[in-house]
Amino acid sequence: DRVENRLFQNRYVVDVGRPHIEIRPHEVPSRELVAMTRVCPAGCYSQNEQGQVEITADGCMECGTCRVVCAKSGDIKWNYPRGGYGVLFKFG
Ligand code: SF4
C-alpha cells in the first residue's frame, strides 16, 4: 500500500473564515515565501501576477515545513487548526 494511496483517504475539513495559516501582507515577497511555492508538499502557496505570495490552506497536511522555513523571517502566522478541522488522518 503506497503512502500516496493512504494520503488520498485522509479527509480535509475547511474551517471557513478561520484559516490556520496567514501570510503577512507584503509588496515584495521574501525569499522564504517564494521558496514555499515550490516546497509545500500540498501546493498551498502560489504567486499572483503581481508577484505576491498567497496561500490557500485547504489541503494543508500540517507538515510544518512553511512554519520552519519562515520562522526567522516572520512571514507567516501558523496555528494548528481547531479540533475537528484541517487534515484528519485516517489510520489503518
Ligand atoms: Fe504546506 Fe506543510 Fe505549510 Fe501546510 S504546513 S502549508 S502542507 S508546507
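1. **Largest pocket.** The largest pocket has a volume of about 260 Å³. Its lining counts 21 residues, and those closest to the pocket centre are Asp 15, Arg 18, Pro 19, His 20 and Ile 21. Note that this is a predicted model.

2. **Elements at the pocket.** Two elements each give two or more residues to the lining of the largest pocket: strand 1 (11-13) and strand 2 (21-23). Strand 2 gives the most, with three residues.

3. By class, the lining of the largest pocket splits into 11 nonpolar, five polar and five charged residues. Asp 15 and Arg 18 are among the residues closest to the centre of this pocket.

4. **The cavity.** How many cavities of 30 Å³ or more does a search of the whole structure find? The search finds one. The largest cavity holds about 80 Å³ of space. There are 15 residues in its lining, and the closest to the cavity centre are Ile 21, Cys 40, Cys 60, Cys 63 and Cys 66.

5. The lining of the largest cavity divides into 13 nonpolar residues, one polar and one charged. For the largest pocket, the corresponding numbers are 11 nonpolar, five polar and five charged.

6. **Where the ligand is.** Which space holds the ligand? The ligand sits in the largest cavity. Around the ligand there are 15 residues, with Cys 40, Cys 60, Cys 63, Gly 64 and Cys 66 the closest.

7. The shell around the ligand has 12 nonpolar residues, two polar and one charged.

8. **Overall build.** The protein has three helices and six strands. Along the sequence, they follow the pattern α-β-β-α-β-β-α-β-β.

9. **Burial and contacts.** What share of the 92 residues in the protein is buried? Buried residues make up 33%. Contacts in the protein can also be sorted by sequence separation. Taking those between residues at least 6 apart in sequence, 62% join residues at least 24 apart.

Notes. Residues numbered from 1 in each chain as written. Predicted model: local features only at pLDDT ≥ 70, side-chain atom pairs only at ≥ 80, totals over all residues. Heavy atoms only, no water. 1 Å grid on protein atoms, 1.4 Å probe; cavity = no way out; pocket = protein on both sides within 12 Å on 5 of 7 lines; lining within 4 Å. Points joined across faces, edges and corners; volume = space filled by probe spheres on them. Helix = DSSP H or I, 4+ residues; strand = E, 2+ residues; numbered from the N terminus. Nonpolar A, V, L, I, M, F, W, Y, C, P; charged D, E, K, R; others polar. Near = heavy atom within 4 Å. Sits in = over half its atoms within 2 Å of the grid points. Buried < 20%, exposed > 50% of the residue type's maximum accessible area, 1.4 Å probe, protein only. Contact = heavy atoms within 4.5 Å.
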